[in-house]
Amino acid sequence: MRPVKLAIVGGGPSAFYVASRLLSLLPHGDPSSPSLRVHMFDRVWAPHGLVRYGVAPDHPEVKNCTRKFDATALDPRFRFFGNVNIGCDGLLPVPSALSIPLSSLFSNYTHLLFATGCPLPALHPSIPPSRHCIPAISFVHWYTRHPSQPPPPALDSFTHLTLIGNGNVSLDIARILLTNPSVLEKYDLPVQVLDVLSRSAIRHVSIIGRRGPLQAAFTNKELRELMNLPEAAMVPIDPSVLAPPDGTTLTRQQRRTLELLQKGSQKAYGTTPKSWSLEFYRSPTSLTSPSLASPTDMSQLTLAHTRVDPVTGRAALSGETSTLSTSVVVTSLGFRAEPTAHFFDPAVNHLRTRAGRILSASGTAVPNVYASGWAANGAKGVLASTMMDAYAVADTILSDITPGKDIVQTTAASAYLSNENSADLTLNPRPHPEDPPKEVAQGIKDGIVTQYEDWKAVDAEETRRGEIRGKERERMNWEEAKAFLTSRGRV
């Protein structure tokens with residue numbers, strides 16, 4: 001069997017789960033298995049994707065999966081290359097990253113997997129980003145110190161924040177804003193973020209959903225955490241909003257959601273310094289910002305009232321509207337893939353795939369090119385479903401590299417990307433067995449590209465600095481990490 005050299009674009013959970021399964025199913029030194037090398041590339045300097053740059057800091061248990069990722073990285077056949085952007089910069093540039101063309105991977109690898117996720121926010125057509133309307137991902141990237149370097153929000157001048165969308169990301173943001181920084185300081189929140197939170201003037205958070213409580217996107221676990229905040233109370237919800245339509249058969253989760261909402265928060269409304277509200281059956285139609293001459297004035301958010309169509313289950317306009325005064329709006333409406341990405345399908349807002357294989361425009365599989373996770377399926381699911389999808393994609397790759405399997409009809413990558421040079425988009429059946437692309441090798445010498453041992457050194461140092469402060473870790477940005485690594489002679 002020919003040696004297999006797989007390039008994985010993306011360094012999040014899906015990427016690591018695929019790598020882990022392949023390395024475990026093709027044991028090192030097994031004479032019956034093909035020689036395997038796995039090279040993983042991420043455009044940010046640290047691995048683990050949303051686990052590092054998306055998980056709420058007060059949910060450290062969610063990050064336990066990194067132990068498995070660390071075990072994968074110990075395999076001598078695996079290498080990680082951080083700070084490497086493959087292809088164009090896209091709409092979420094990382095200033096520190098080394099950019100190399102996709103053709104460099106095609107010429108250096110026998111197989112290619114995209115696990116690039118959905119890094120861009122889905123925007124609301126009626127309220128585009130502005131000084132008074134911020135995508136939730138920018139807020140999350142701020143408090144996780146993402147290398148895209150979003151500016152800190154002006155929390156010292158905001159008293160009322162409105163979240164559009166009622167999924168778990170919205171509830172994460174609400175919880176962070178409504179929790180006393182003295183409680184948060186033991187978690188993985190940088191001191192710079194805690195300083196901004198300590199000066200926050202936020203007193204109320206509104207969470208807007210276009211449908212009702214039975215269709216709410218949040219989980220009951222996240223709802224309970226908001227309910228139990230010691231310094232913030234929920235505004236009681238009109239009982240009529242919580243009454244299920246006649247003839248509705250509730251799931252166990254829906255029954256529990258209604259029970260929690262009917263019971264209300266642990267602290268009674270009016271007894272706490274901060275408050276929050278769930279506004280159901282509301283859909284934004286416009287946002288009128290205050291004049292620059294009056295920075296303390298509130299924006300006016302116009303909301304169309306809705307109802308749930310019993311046939312389609314979708315939100316339908318009722319004809320009524322109302323206006324909400326708010327300092328700032330944060331939109332949390334999901335995520336999408338980079339529209340500039342190779343193999344992007346605008347009809348579904350992620351890569352064109354079927355059963356883990358990248359598809360051509362005609363619907364046939366591009367040989368030895370795959371996708372997994374959100375890049376393949378869109379922004380949905382949790383870590384467990386991401387793992388199962390990744391394992392299935394790994395099995396698909398395995399079926400292509402081991403003999404005796406059914407042949408899958410494929411088409412050349414160049415047939416899909418007709419505007420590219422055909423030779424540049426043909427995977428190399430006999431690349432150098434070990435070396436990364438020459439640009440990456442030079443990037444390592446120049447101290448730009450990081451490897452997994454660099455990350456583990458930073459990880460240990462972040463933990464050490466955190467212990468001094470009595471917290472989980474004190475995370476670094478790239479400039480701080482590079483200075484630390486340079487002082488240790490690692491880059």
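**Entry: the model**

I am working with a predicted model, in which local features need pLDDT of at least 70, side-chain atom pairs count only at pLDDT 80 or more, and totals for chains, interfaces and linings use all residues. Residues are numbered from 1 along each chain as its sequence is written, and side-chain values use heavy atoms, with hydrogens and water left out.

**Entry: Lys267 and its contacts**

I checked accessibility and got a relative accessible area of 33% for Lys267, so the residue is partly exposed. The classes are buried under 20% relative accessible area, exposed over 50% and partly exposed in between, with a 1.4 Å probe and protein chains only. Setting aside neighbours within four places in sequence, I find Lys267 in contact with Leu229, Pro230, Ala233 and Thr272. Contact means heavy atoms within 4.5 Å. I also took the C-alpha separation of Lys267 and Arg475, which is 33 Å for residues 208 apart along the chain.

**Entry: salt bridges**

I searched the whole structure and got 28 salt bridges. The criterion is a side-chain nitrogen of Lys or Arg within 4 Å of a carboxyl oxygen of Asp or Glu.

I looked at Asp58 and Arg175, whose side chains form a salt bridge at 2.6 Å, N to O. Asp58 sits in the loop between helix H2 (50-53) and helix H3 (66-73) and Arg175 in helix H6 (residues 168-178), so the pair ties together parts 117 residues apart in sequence. Asp58 and Arg175 are both buried. I then followed the network of salt bridges that links Asp58, Glu61, Asp172, Arg175, Lys221, Glu222 and Glu225.

Next I looked at Asp188 and Arg475, which meet in a salt bridge at 2.5 Å, N to O. This pair links distant parts of the chain, 287 residues apart: Asp188 is in the loop between helix H7 (181-184) and helix H8 (191-198), and Arg475 is in the loop between helix H16 (452-469) and helix H17 (478-487). I find both Asp188 and Arg475 buried.

Are its two ends buried or exposed? Arg469 has 54% relative accessibility and so counts as exposed, whereas Glu474 is buried with a relative accessible area of 8%.

**Entry: H6 against H9**

I looked up the packing of H6 with helix H9 (residues 220-227) and noted an angle of about 20° and axes 10 Å apart. Axes are lines fitted to C-alpha atoms, for helices over the stretch in contact, and angles run from 0 to 180 degrees between N-to-C directions. H6 and H9 are therefore roughly parallel. Angles under 35 degrees count as roughly parallel, over 145 as roughly antiparallel, 65 to 115 as roughly perpendicular and the rest as oblique.

From H6, Asn168, Leu171, Asp172, Ala174, Arg175 and Leu178 meet Glu222, Leu223, Glu225 and Leu226 of H9. By class I count 5 nonpolar, 1 polar and 4 charged residues in this contact. Ala, Val, Leu, Ile, Met, Phe, Trp, Tyr, Cys and Pro are nonpolar, Asp, Glu, Lys and Arg are charged, and the others, Gly among them, are polar.

**Entry: H1 against H13**

I noted an angle of about 45° between helix H1 (residues 13-25) and helix H13 (residues 383-401), with axes 8 Å apart. The two helices, H1 and H13, are therefore oblique to each other. On the H1 side the contact includes Tyr17 and Arg21, and on the H13 side Tyr391 and Asp395 are among the residues. I find 12 nonpolar, 2 polar and 2 charged residues in the contact of H1 with H13.

**Entry: positive phi**

I looked up Asn83, which has a positive phi of about 70° although it is not a glycine. Asn83 is in the loop between strand S3 (78-82) and strand S4 (84-86), and is buried with a relative accessible area of 0%.

Tyr281 also came up, with phi near 60°, a positive value in a residue other than glycine. I place Tyr281 in the loop between strand S12 (274-279) and strand S13 (282-288). At 23% relative accessibility, Tyr281 counts as partly exposed.

Terms used: Helix = DSSP H or I, 4+ residues; strand = E, 2+ residues; numbered from the N terminus.
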